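Dear colleague,

Please find the structure below. I would be grateful if you could look through it alongside the notes that follow.

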Amino acid sequence: MNERLLVIGGVAAGPKAAAKAKRCAPEMEVSIYQEEGEISYAGCGLPYYIGGLIKERDKLIARTLRNCPG
């Protein structure tokens, strides 16, 4: 039976941990669970969004469940 890993939480740390696990054990089944639809966003850009320099919140989104590879 293959090993399985469930990563709880996305944004930066969750996908990074999942990717590292797959690099170390390519046969491992890796799943990411989180509530939000965006699994990766530019958190460092939030002050620019709040300050109005970035007008659309979607400009901060790097990955969603719809455009995530695999």
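Predicted model: local features only at pLDDT ≥ 70, side-chain atom pairs only at ≥ 80, totals over all residues.

Residues are numbered from 1 along each chain as its sequence is written, and side-chain values use heavy atoms, with hydrogens and water left out.

Helix H1 spans residues 13–24; helices (H or I, at least four residues) and strands (E, at least two) are DSSP runs, numbered from the N terminus. From first to last C-alpha, the 12 residues of H1 reach 16 Å, close to the 16 Å expected at 1.5 Å a residue (1.5 Å times one less than the number of residues).

Gly14, Ala18 and Ala21 are the buried residues of H1 (buried is under 20% relative accessible area, exposed over 50%, partly exposed in between; 1.4 Å probe, protein chains only). Viewed down the axis of H1, these buried residues fall within an arc of 60°, so they line one face of the helix; the arc is that of the directions from the helix axis to the C-beta atoms. The face turned away from the buried side carries the exposed residues Ala13, Lys16, Arg23 and Cys24. Ala17, also in H1, counts as partly exposed because its relative accessibility is 38%.

The cover over the buried residues of H1 includes strands E1 (4–8) and E2 (29–33), where contact means heavy atoms within 4.5 Å. Tyr33 lies in E2 and, at 51% relative accessibility, counts as exposed.

Kind regards
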